[in-house]
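Subject: Structure for your files

Hello,

Here is the structure you were waiting for.

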Amino acid sequence: MKTNRRCRALLAVSLNLMALLFSTTAFITTHWCEGTQRVPKPSCGKEKKTNCLNYGGNETANETNQNVVHYSWETGDDRFLFRYFHTGIWYSCEENINAAGEKCRSFIDLAPASEKGVLWLSVVSEVLYIMLLVVGFSLMCLELFHSSSVIDGLKLNAFAAVFTVLSGLLGMVAHMMYTQVFQVTVSLGPEDWRPHSWDYGWSFCLAWGSFTCCMAASVTTLNSYTKTVIEFRHKRKIFEQGFREEQNFLDQEAIKYYRERAEEERAEAGDLRLQCLHSCSPN
């Protein structure tokens, strides 16, 4: 029993630790959603000679460069390029078309005013989710390494299960609220940011993987608690049955003993009466 209980506790601690690492990584990274943005090509210049528009400049110098587009109203999609972007809870970063690297801006500033409250609620829920995971992990470790008795272990186990379930529910709500805010921002956000195409990134997968590990840890903890209680009650029932049988056996032995003693006392009393009669009778 003790070995199985320890293995279940170790599994719950491992799942909770994975959920904590995944959620923390997802919270601080900027790859919840990623895709491309359709933006106009910049003007060609001395430092920019590729992926640019030539507004009537030196055409002979650029006629051999196929990445240079000569400006005209009939150019169409050739006047645009597609830059890569990725967005997280805190920042949205996109490829810098004028220089190497990326430029980032606050996603909270990009969100529409009607969705800022929902976004902040999502951020608070994510923080609470991580904090409750830390509390649940601490209780599980305490129950695994420092519980002195089965009763104390059961109490810690129950509290750890409650905190883990609550954290999982908060995490699910936070992820769904962020998804709603991002979809609204795609439609109503600034025109220079709106994606041309997008999909969920690896941070989003980590966030839901964290939720999965969290719920698995809570189920494992509840399973451990339930099995321990059932085993404890079963052993108590067996002990009580054995105690009753032993008590009944002792009672029967006591009754048998008192009956034998009573018969012996009657026999002794009868012998004394006969002796008295013999001694008191005249010759």
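Below are notes on the nonpolar cores and the sheet.

Please keep in mind that this is a predicted model.

Cores. The largest nonpolar core holds 28 residues. Within that core, the residues with the most contacts are Trp32, Phe107, Leu119, Tyr178, Phe182 and Trp193. At least two core residues come from each of these helices: α1 (2-28), α3 (107-110), α4 (116-145), α5 (150-188) and α6 (202-280). The largest share is that of α6, with six residues. Another core, of 11 residues, lies apart from this one; Val13, Leu139, Met140 and Ala217 are among its members.

Phe107. If neighbours within four places in sequence are left aside, Phe107 is in contact with Thr87, Gly88, Ile89, Trp90, Tyr91 and Ser92, and also with Leu119, Tyr178, Val181, Phe182, Thr185 and Trp193. Of these partners, Leu119, Tyr178, Phe182 and Trp193 are also listed with Phe107 among the residues with the most contacts inside the largest core.

Sheet. Five strands make up an open, antiparallel sheet, and their order is β6-β5-β4-β1-β7. The edges are β6 (102-106) and β7 (197-200), each of which pairs on one side only. On average, neighbouring strands are turned by 25° against each other, direction ignored. At the β6 end, β5 (residues 91-95) pairs with β6 in the antiparallel sense over five bridges. Tyr91 stands opposite Ser106 of β6, and Tyr91 is also one of the residues in contact with Phe107.

Regards

Conventions. Residues are numbered from 1 along each chain as its sequence is written. This is a predicted model: local features need pLDDT of at least 70, side-chain atom pairs count only at pLDDT 80 or more; totals for chains, interfaces and linings use all residues. Side-chain values use heavy atoms; hydrogens and water are left out. A nonpolar core is a set of buried Ala, Val, Leu, Ile, Met, Phe, Trp, Tyr and Cys residues joined through side-chain atoms within 4.5 Å. Buried means under 20% relative accessible area, exposed over 50%, partly exposed in between (1.4 Å probe, protein chains only). Helices (H or I, at least four residues) and strands (E, at least two) are DSSP runs, numbered from the N terminus. Contact means heavy atoms within 4.5 Å. Two strands pair if DSSP finds at least two bridges between them. Axes are lines fitted to C-alpha atoms, for helices over the stretch in contact, and angles run from 0 to 180 degrees between N-to-C directions.
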